Amino acid sequence: MVDTKTYTSTRNSCKLCAPLGASLVFKGIEGCVPLIHGSQGCATYIRRYMISHYKEPVDIASSNFSEESTVFGGSRNFIAGIDNIIKQYKPTVIGIASTCLSETIGEDIPGHIRSYCEAYKGLEKNLPTFIHASTPSYCGSHAEGYYNTVLATVKTLAEFEKTDNSITIIPGMVTPADIRYLKELMDDFGLKYTLFPDYSETLDNEYTSEYQLIPSGGTPVWKITRIGNSKAVIEFGNVFNKGVSRTKDIGSIQSAGEWLESELYIKNYQMPLPIGIEASDRMIEAFKTLSGKEIPEKHRKERGRLVDAYVDAHKYVFGKKAMLYGEEDFVTALADWLHEIGVETFYKKGADFETLREEAENFKPDFLIGNSKGYYIARERKIPLVRLGFPIHDRFGASRIHQIGYRGTQELFDLVVNALIEFKQENSPIGYKYL
Amino acid sequence: MGHILDDRQKQVSVAGANERTIDCNKASLAGSVSQRACVFCGSRVVLYPIVDALHVIHGPIGCAAYTWDIRGSLSSGPELHRLSFCTDLQERDVIFGGEKKLYNSIIELIDKHQPKAAFIYTTCIVGVIGDDVESICRQIEKIKNIPVIPVQAPGFQGSKKDGYKVACESIFKLVGTKNKPFTPAKSINILGDFNLAGELWILLEYYKRMGVHVNATITGDGRVDDICNAHNAALNVVQCSGSMNYLAQMMKDEYNIPSMRVSYFGIEDMSDALYDVARFFKDDDMMEKARQMVKEEFARLMPQLAWYKERLTGKKAAIYVGGAFKAISLVKALRLIGVESVIVGSQTGTTEDYELIKQLCNEGTIIVDDSNPVELSHFVKEKHADIFIGGVKERPIAHKIGLGFCDHNHERKEPLAGYEGMLNFAEEIYATAMSPVWKFTK
């Protein structure tokens with residue numbers, strides 16, 4: 001056993017900061033411009049990180065704190081920021097995320113929003129909708145930022161009028177391709193639905209020849225408002241934002257689905273991210289129950305083909321060892337799937353990349369699965385890295401990776417099998433051309 | 001000019017003798033979606049290429065995560081700079097203070113990595129929660145016997161440019177602390193080259209061929225010991241003056257070392273740099289070697305550049321980069337291959353830079369300071385640009401409108417400096433301007 005000492009510092013962090021998760025959610029709302037209430041760098045770094053992954057414009061405004069705003073409060077910058085966003089972008093929604101700085105100096109963002117709206121008394125209709133999420137980077141990671149913002153948006157907008165026949169689906173940090181698949185699936189089941197947040201178009205748009213100041217797509221506000229009328233919610237995940245406790249409100253943090261269930265009595269179908277046959281079956285069962293229909297032929301056949309593919313290639317994956325990293329909800333779903341096909345997994349909650357690098361000495365993985373930042377470990381160990389998750393900065397097509405449901409699992413399965421076969425082939429002294 | 005916010009009108013001008021001087025050196029407007037980063041970023045990018053130093057970021061995780069392995073600054077030896085260390089402050093640290101965590105972090109990391117020096121960056125909230133980073137650095141310096149330098153870089157204390165100044169102050173603390181046994185008389189320090197894609201090594205080869213000794217490289221492929229001995233050079237040759245002028249000034253005041261401003265982008269500026277250095281040393285032999293080298297390089301390059309020029313003439317370029325001095329070189333380099341610059345802007349240019357651009361560019365060229373996506377997308381449409389030269393954040397602006405794009409960012413993998421760099425630059429401009437894919441975007 002190689003001794004793995006623990007360090008006080010975080011060495012090559014696996015996690016990113018909470019306002020990034022908030023920005024991703026805000027990009028999934030139609031007509032929304034995100035505003036990060038803090039220093040200029042926060043917005044710019046997050047833009048750079050998201051642009052390199054999605055290869056799409058990501059405009060995020062900053063209230064650009066100065067020394068003065070840090071000492072005397074950021075309300076002036078807040079007002080100027082909102083004014084300028086409205087002038088330049090004419091948004092229907094402004095999503096405001098706090099930062100470590102604005103939270104530490106005790107900025108009252110809900111108060112700022114109230115005063116801003118009061119100044120427009122009588123003309124509020126002309127103002128965009130404001131959504132505020134508390135996302136200091138000293139509480140959790142980008143994943144907590146994401147889930148907190150989903151919850152904050154639902155709390156701010158959802159209203160109950162009377163229950164209708166629609167369902168709400170909250171998929172979590174999935175890819176644009178995953179979101180498009182879910183919509184197709186629900187259409188095929190004939191379900192009326194609201195999917196939130198929907199960044200399948202805003203962050204994976206077609207060529208437009210114009211710079212759309214606010215990219216088309218996203219969940220419209222009126223639909224988020226009507227989430228309160230849904231007969232059921234489906235949300236993917238186990239962990240959500242509960243991995244971290246806030247000094248302010250210990251124990252009261254819920255996921256958006258749990259909040260809708262406890263506050264508006266909407267049945268919440270909470271389930272792991274549907275990767276693998278068993279997890280996908282569970283999702284399909286929920287759709288069958290909610291639609292009262294059998295699984296559409298197209299999707300039944302996709303399941304059948306996936307089983308067939310499992311059978312054909314089972315020997316190439318059985319007994320292999322995978323090291324996983326990324327958002328916990330994603331990684332636990334991946335691990336369940338890998339166990340389903342006989343792959344052994346290693347995951348260490350909260351570990352940074354240097355810790356993983358040291359752990360790899362003991363675990364001796366055959367391959368890694370995760371974002372591109374783990375590449376240096378794969379390179380050092382001369383093993384394959386199957387790139388999934390966020391961010392993928394060294395490849396194209398991250399938005400088009402489809403990883404959920406039978407069809408997505410099929411794509412993942414082929415990726416993993418072929419990565420292992422390619423590795424074996426590349427390292428073989430014989431240049432064989434068949435299996 | 002409805003697409004330009006009222007408070008930004010004066011930060012946009014056009015080339016031409018009677019046009020007004022541009023406003024710059026201002027804080028970014030709240031809500032403007034500036035392409036700039038912050039003070040922390042400015043200090044981090046300048047110090048990052050010092051390869052045998054430990055870089056520890058004191059604050060919550062974001063600042064460290066986003067700057068991990070951020071620049072393509074290569075090292076000929078240690079690669080400690082490519083690791084990202086952070087105290088990763090949590091809510092209880094914010095309430096009770098993060099000093100102990102910082103102290104333990106630094107001690108453990110010094111023990112593990114045995115660095116020559118440590119830079120401890122403070123981020124936004126550290127000043128607010130009152131951690132005494134200076135005192136911790138002093139304590140550890142005594143115990144571990146290496147320089148432990150606090151880099152006071154809270155993001156809100158100015159702009160990215162102020163971060164450059166903070167970095168210069170940190171570097172200056174090392175300068176003059178060691179004397180190497182022998183530093184040749186005709187030696188220079190290279191300031192403001194960051195060895196992106198190995199560009200520094202190209203320059204070192206040129207200076208070697210001229211007989212110039214390079215004493216310290218600040219900060220590309222930088223070494224702590226060389227920086228400590230930097231005061232023994234005869235001349236500071238400063239590229240990327242926006243980031244390094246301040247250090248050159250401090251070294252002049254303290255050690256009486258003169259400095260000169262150069263650029264290594266494009267063959268005119270590259271050659272001028274070599275001639276200026278030879279002229280400074282009043283050395284005929286050195287000048288002759290420089291002339292010979294330039295002659296050889298020109299003979300090799302010109303036919304190839306002519307080939308590109310023939311094909312690219314008439315194309316129009318938009319330039320938006322970090323420093324305006326680099327933009328000036330780009331305008332000249334583009335002209336050499338037949339491309340006219342119709343928009344020239346930067347995040348951190350000075351009045352003098354912008355005045356130079358005004359004189360250099362054709363009448364009507366838009367000149368802009370601290371721009372944003374709304375403006376840039378309008379400008380390129382208005383001026384019918386074909387190619388955009390910028391960084392990661394400008395790329396989607398270009399691509400969504402159907403413009404070619406050349407990445408002049410610090411992550412680039414192909415060297416663009418020097419004579420080789422000019423060829424790479426021409427090749428990249430050609431590849432992006434002439435791709436057949438544009439037929440689908442018309």
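This is a short walk through a predicted model, from the meeting of two chains to some single residues of interest.

In this predicted model, local features need pLDDT of at least 70 and side-chain atom pairs count only at pLDDT 80 or more, while totals for chains, interfaces and linings use all residues. Residues are numbered from 1 along each chain as its sequence is written, and chains are lettered from A and ligands numbered from 1 in the order in which they are written.

In chain A, 57 residues are in contact with 57 residues of chain B; two residues are in contact if their C-beta atoms, placed from the backbone, lie within 7 Å. Several elements of chain A give two or more residues to this side, namely β1 (10-11), α2 (40-54), α3 (67-72), α4 (75-89) and α5 (100-104). These helices (H or I, at least four residues) and strands (E, at least two) are DSSP runs, numbered from the N terminus. The largest share, ten residues, comes from α2(A). Sorted by class, the side of chain A that touches chain B has 22 nonpolar, 23 polar and twelve charged residues. Here Ala, Val, Leu, Ile, Met, Phe, Trp, Tyr, Cys and Pro count as nonpolar, Asp, Glu, Lys and Arg as charged, and the others, Gly among them, as polar.

Next, turn to the nonpolar core. A core of this kind is a set of buried Ala, Val, Leu, Ile, Met, Phe, Trp, Tyr and Cys residues joined through C-beta atoms within 7 Å. A residue is buried if 20 or more other C-beta atoms lie within 10 Å of its own, exposed if 12 or fewer, and partly exposed in between, with C-beta atoms placed from the backbone. The largest such core has 262 residues, and those with the most contacts inside it are A118(B), I120(B) and I319(B). Leaving aside residues up to four places away in sequence, I319(B) touches A327(B), L330(B), V331(B), S341(B), I343(B), V344(B), G345(B) and I389(B).

Ten of the 13 residues are buried, so α13(B) is mostly covered. The C-alpha atoms of A324(B) and Q347(B) are separated by 7.7 Å, although the two are 23 residues apart along the chain. Just after α13(B), G338(B) takes a positive phi of about 85°.

Helix α7 (residues 160-174) and helix α10 (residues 241-255) of chain B pack at an angle of about 35°, with their axes 8 Å apart. Axes are lines fitted to C-alpha atoms, for helices over the stretch in contact, and angles run from 0 to 180 degrees between N-to-C directions. From α7(B), the contact uses K161(B), Y164(B), K165(B), C168(B), I171(B) and F172(B), and from α10(B) it uses G242(B), S243(B), M244(B), Y246(B), L247(B) and M250(B). These residues divide into eight nonpolar, two polar and two charged.

A few loops deserve a visit too. Y264(B) sits in the loop between β9 (259-261) and α11 (267-280) of chain B, and with 29 C-beta neighbours inside 10 Å it counts as buried. Its partners include D193(B), L203(B), Q239(B) and A417(B).

Finally, look at the backbone. N195(B) has a positive phi near 55° without being a glycine; this residue is buried, with 27 other C-beta atoms within 10 Å. H384(B), also not a glycine, has a positive phi of about 50°, but H384(B) counts as exposed, with 9 C-beta neighbours inside 10 Å. A cis peptide bond joins F196(A) and P197(A), where omega is about -10°, and P197(A) belongs to the loop between β7 (193-195) and α9 (221-225) of chain A. In chain B, the peptide bond from I218(B) to T219(B) is cis, with omega near 5°, and T219(B) is found in strand β7 (residues 213-219).
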